[in-house]
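Please consult the sequence and the structure shown here while reading.

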Amino acid sequence: MFAQFTRTILFAIMSFLALDRAEAGENTSCGDRAEVIVHNTYPDATKSDDETFQVGASTISINNSETGIDAPHMMTCRVWPANPHLTLVAVPLIKSANEDGTVGDLELLVVDTSSLAVKQRLLLANRMNDDAIAIRSLEFDTARYKLTKEQAAFGLRISASNNSRANPYNGVSLWLYVLEGSSIRPVVDGMVVSETTGESDTNCATEFKARQTTLSMAPTTNHGFADISAVETNTTTTNFVGKDRACDETSITDKPQKLRLIYDGRQYPIPEERRAVTE
């Protein structure tokens, strides 16, 4: 019975993670480019060791070798397929990290793929702050978010979860950004696109609610930007003790719900119940 319960939790978590990675694409450490990018972005940075830099009160971790540093605290790079001469960079600026949570900012960079010169940057204050629901990964989403004929957006997905068996939680939130001159501007400012919640007696009786949202570009436009079509699927999975004392399972998937995000001249407003919670 306990084994069945454990498998159910693991399946829910792994399904959530697999979907997230499939949509976000491959993200990598910045490798031997990291040090150059840090110096180009933060001229006053001092090198603490081969894997970390200090920028004021913040620490930058530049690779994912066997150091025990959590992956979401690593600097991440990805060449942008829509504009391969540009590389997207996420730089966690960690002020403190312990068992009670993390305090830190996140800086997004767009750098020239060849020269590594910084072309655009955006500081997201407190974006790395977490506590019981901890940030597990940062990944660039470079799906074809073609907002106009000339302009594409890139995405950032932040995955978070807790360690509770009684009330497990996993969530993925999406931000979309466009480049405007020397600036990076958010147009979708934190939308929950994947979420799994549950209640359990930690033995067999459980109920998981999973919500998955897929986005695609619609043919209609407003204020010159394409509408974004969102299709949401909700699934409820219940475990219970059956007649033979085995831990049985049922699953019900509701009819997909559709909504449309419409650009208002500045951004795509998000329904309040689908908005990411940030510090």
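## The Cys-30 to Cys-77 bond

The torsion about the S-S bond of Cys-30 and Cys-77 is about 100°, so this disulfide is right-handed. Cys-30 belongs to the loop between β1 (28-29) and α2 (34-41), while Cys-77 belongs to strand β5 (residues 76-79), so the pair ties together parts that are 47 residues apart in sequence. The model is predicted, and in it the sulfur atoms of Cys-30 and Cys-77 are placed 1.9 Å apart.

Both ends of this bond can be classed by solvent accessibility. Cys-30 has a relative accessibility of 1% and therefore counts as buried, the cut-off being under 20%. Cys-77 is likewise buried, because its relative accessible area is 0%.

## The Cys-204 to Cys-247 bond

Cys-204 and Cys-247 also form a disulfide, with 2.1 Å between their sulfur atoms. The angle about the S-S bond is 100°, and the link of Cys-204 and Cys-247 is right-handed. Cys-204 is found in the loop between β12 (183-200) and β13 (206-222), and Cys-247 in strand β15 (residues 247-253), so parts 43 residues apart in sequence are tied together by the pair. Cys-204 and Cys-247 are buried.

## Overall pairing

A disulfide is a covalent bond between the sulfur atoms of two cysteines. Two disulfides are found when the whole structure is searched. With the bonded cysteines of the chain numbered in sequence order, the pairing reads 1-2, 3-4.

Definitions and conventions. Residues numbered from 1 in each chain as written. Predicted model: local features only at pLDDT ≥ 70, side-chain atom pairs only at ≥ 80, totals over all residues. Heavy atoms only, no water. Disulfide = S-S within 2.5 Å. Helix = DSSP H or I, 4+ residues; strand = E, 2+ residues; numbered from the N terminus. Buried < 20%, exposed > 50% of the residue type's maximum accessible area, 1.4 Å probe, protein only.
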